[in-house]
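Biologist: I would like a close look at one part of this model. Please take me through a single sheet and what surrounds it.

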Amino acid sequence: MGKKLERNDVCRVPENINFPAEEENVLQKWRDENIFEKCSQLSKGKPKYTFYDGPPFATGLPHYGHILAGTIKDIVTRYAYQQGYHVDRRFGWDCHGLPVEFEIDKLLNIKGPEDVAKMGIAAYNAECRKIVMRYADEWENVVTRVGRWIDFKNDYKTLYPWYMESIWWIFKQLFDKGLVYQGVKVMPYSTACTTSLSNFEANQNYKEVVDPCVVVALEAVSLPKTFFLVWTTTPWTLPSNFACCVHPTMTYVKVRDVKSDRLFVLAESRLSYVYKSETEYEVKEKFVGKTLKDLHYKPLFPYFAKRGAEVKAYRVLVDEYVTEDSGTGIVHNAPYFGEDDYRVCLAAGLITKSSEVLCPVDEAGRFTNEACDFEGQYVKDADKQIMAALKARGNLVSSGQVKHSYPFCWRSDTPLIYKAVPSWFVRVEHMSKNLLDCSSQTYWVPDFVKEKRFGNWLKEARDWAISRNRYWGTPIPIWRSPSGDETVVIGSIKQLVELSGVQVEDLHRESIDHIEIPSAVPGNPPLRRIAPVFDCWFESGSMPFAQQHFPFENEKDFMNNFPADFIAEGIDQTRGWFYTLLVISTALFNKAPFKNLIASGLVLAADGQKMSKRKKNYPDPMEVVHKYGADALRLYLINSPVVRAESLRFKEEGVRDIIKDVFLPWYNAYRFLLQNIVRYEKEDLAGNGQYTYDRERHLKNMDKASVIDVWILSFKESLLEFFATEMKMYRLYTVVPRLTKFIDQLTNWYVRLNRRRIKGELGADQCIQSLDTLYDVLYTMVKMMAPFTPYLTEYIFQRLVLFQPAGTLEHADSVHYQMMPVSQKKCIRNDIERSVALMQSVVELGRVMRDRRTLPVKYPVSEIIVIHKDSQVLQAIKSLQDFILSELNVRKLTLSSDKEKYGVTLRAEPDHKALGQRLKGNFKAVMAAIKALKDDEIQKHVSQGYFDILDQRIELDEVRIIYCTSEQVGGNFEAHSDNEVLVLLDMTPNEELLEEGLAREVINRVQKLKKKAQLIPTDPVLIFHDLIADNKAKKEILEAQAQLTKVLFNYASMIKTAIKSEFAPYSSEQASKKRLIAKDLVPRFGNSSKASLFLQHNVSKEIVSLPTLRSELEHLFGLYGVNFNIYVVDHQKKTTELKSIDENLSGKLLVLARSQDAPKLSAGYELSPAPYSKFINQPSGNSIFTENPLGRALC
């Protein structure tokens, strides 16, 4: 366990901070002190906040999408704890299904079911079990390092027998309700994984591909020389053709093909697709599609001709799904390779639900001997041979290629096919209204995902195929007789044992497939389990119940806390986990399984492409964390469009900018506070007391507080109120920008405007009030930011809490134990917040105008004029004029409501780039019209919030408003406005203002030198100045030197006050005397000038190294960043510089000094016969300090 922080430790605030390194230190503290575990213990007995964690697969490493979703979950659950709830945060693992099996298939070169049969299911599943948790350690390391608090020890895995048992119970409930049936359905099918996929799985991975497309002629039986032209992008389905289909009301034509002298039938609107020129065909007839109904044609291939003759197949069918936007307007139907094909052929009586399936394709996507000419070929590879065969028979009219969007397997990344698969289904179509009703009870952020994407999916909900003909999964608990007449569905392990008499501990296939259940009919053969296992989506959709082993355990606890308060995942789970959760919960209880949901967007590579390990188009997440810290990554992700379900183009520099724009200013404000607490204790309290934040004192003094104190405290309370409202509505995307704005207001405005007060330049009373205010705001801020940036807030809290009165704070070990403060509405001053906002606008406009003239703020200007029509606005600005004058370094503020008095007119210039791209041909006319606008017209457009030019809406940011001043006003004015206040700045130079600017330049240079020397404000420093110029220098240089000499003399008092050091002309004699001060090095941060330390480690007995010794000395005396030498004084008072360390150093005196003359001063040093701290020598030979190294008693 690390050393407990003390006040003396935290007052030594280094100028620079390594955020990732400090995060590692905080993480180690959390581990050593079990902070997360204690947090859960502290909230026991409080109202429960229920959260479901969607289970990821551990067969791959976490990516930015996982980190984003995990961060959202972490923020919400941390905030729930801050609101007084107990939150169980269990991690879950998806352990079954394709992701695991696909890896094993690749590893063992398994091509199909026959390969699994050879090795045996037990051996196959044993291999799967080995890799299930392949990356579990990496997941835990990454998730923990990014600051997420989640319980990995009390996790749930979908392979746990108790989890699988709950899935059996759920399935039995659905079966008993009549919601389960067996059937054949055309489904997306992965030939690489040899399994069907759900429709929502098929929708996860669409790609643009180029496929062959063919126009094929089907020869009519009863019409001489007549052919129906069909078009398809899947030639491999043509051997299974059983019918073709036309639209009933679409116009079709019969044309004579000039080249072949054959008669072709196709849609009139598709003639231009088949023929390049009208000269290539001659129209013979026109008719609507239903005219062609039931006309027969000759089979393309003989494979199913006998079956076709029996059911009168190979004829024209009619259905409205046929469109005229592609192909020929006649669609070829292979009933077991397309959903519409199946539906249309079923309706026409060509097939029935119990018909033998016409499917000459095996599980691996290879033709069987039913299509003997292509047997053994993979379907996509057979396209060319099928086309060649059709060409040889005269049926191929044309062939080409088409680029279109096509579904790929989400796991193997190979093209899917649509194929009839015998499956077990859950009835969903009849539940559509119930699903929509249950969904309406939930709250989604953002709302449009629920209403549009999810709502549309529910309206078209289809029956869900939940079975997979695979091996590594939860077996479907159906035991059947060989005839299928007798079926038993098992709902628990106990039921299986009772019916079979076989004890079971594991529920995977290898453990239960051999179990038989005796038939209820005497003499009949026993029942055996059917082969399929559950789709892994059924398992993850069951997690609300199965993670609790419901209903076998925790029934009361589950029912009291169902549905969950909150879930969150990526928007891609809209048709995945979100959907399966809702279907199962609605089917069981007619209730939504969650109350609130955040759907996050996709994290893309910087170029807008999908992140790809192969392309290496994104930085490794852990490299980013090690470089910038987890807090920076978290805040970058949360403060981005992904929290609004939009896409984010991930850019590493965005994470870096969080450090630069948010964390460093925040850290510097904290550092500034502690530096000035040290100054206050040393100078104002003269070392006779310590600063402690006293809330009662702080509030008591608010009556005489600065308006800027009132403002920042009001801003804080307003933010707390806003924070509570928005977090209750789960709108993280509104909260984070306000939090980062608050940091900007604190660092760039409050601290900046109060530097002199905080430094004590305006007296001790003002100092203590401003310190209290800054402390209060920082202390509150760490609590607000704690859910978002858990590391940095912990780092700052651990140091700020030391300034709380002793015994006033419970559970001070971590910021994450603290409750969220409640807004004190009586402290909110909207009027002052409004006034300060106006003051800030004036200052920012003034800074812009200075930048235009390249005039630094160090150089004063004579006058600033603020113009506004509302006298109350002007009065608000006047109340804060001191800040305006100070920030802009201006001598006089003038307020006016008369714009014309100063001859200010407006001129409009269009943004050529933005408008040129948008308006294109209309740009010239609009540009001329904008330029021709007069002052009053521009003001009218600005007041309505946009420009209306030539019936075009032009936004304000597409037009540049230029403010011009009349020459009659006099002076050298610059004008600028934010469309509310108009500000004029008199830029006329004069000598007095220039000289003051030079003096400020000198101050700036000196302060930079002190910073470079790593000095702190309380360090005593002597500063000499000298101006050196060659006698032969040009006249301009000599004049500048004379002017600067004059400035250094006239403004000496101002310079000394600002730099808090002696500032005198250089004299070699005086400088040498000053440098011979014996005590040229003094301890800082209130530390003693004497200390003791051990040279030898108590346990290892190793002598410390010289670098370690230097580090210890820096720690003891507060000499961080200070250059010093170490000298050894022996008992003869002989002084030498320390170059190495050995046992001979024991008992000698070390003197630290900057001066090289220190050896000459050895006579002034007194050697102590014993350490300065009390100690006890042990019999073992070890020594123990009974006081700390600085002589303070140990507890």
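How many bridges join strand E20 to E21, and do they run parallel or antiparallel?

Modeller: Three bridges join E20 (residues 478-480) to E21, and the two strands run antiparallel. A caution before going on. The model is predicted: local features need pLDDT of at least 70, side-chain atom pairs count only at pLDDT 80 or more, and totals for chains, interfaces and linings use all residues. Residues are numbered from 1 along each chain as its sequence is written, and side-chain values use heavy atoms, with hydrogens and water left out.

Now the sheet. Strands (E, at least two residues) and helices (H or I, at least four) are DSSP runs, numbered from the N terminus. Two strands pair if DSSP finds at least two bridges between them. Four strands form this open sheet, in the order E21-E20-E23-E22. Their pairing is antiparallel. E21 (487-489) and E22 (516-517) stand at the edges. Each has a single partner strand, so one side of each lacks a neighbour in the sheet.

Back to the E20 and E21 pair. Arg 480 stands opposite Thr 487 in E21. Helix H9 (residues 161-176) packs on the sheet. H9 touches E20 and E21, where contact means heavy atoms within 4.5 Å. The direction of H9 makes about 130° with that of E21. Such angles run from 0 to 180 degrees between N-to-C directions, and axes are lines fitted to C-alpha atoms, for helices over the stretch in contact.
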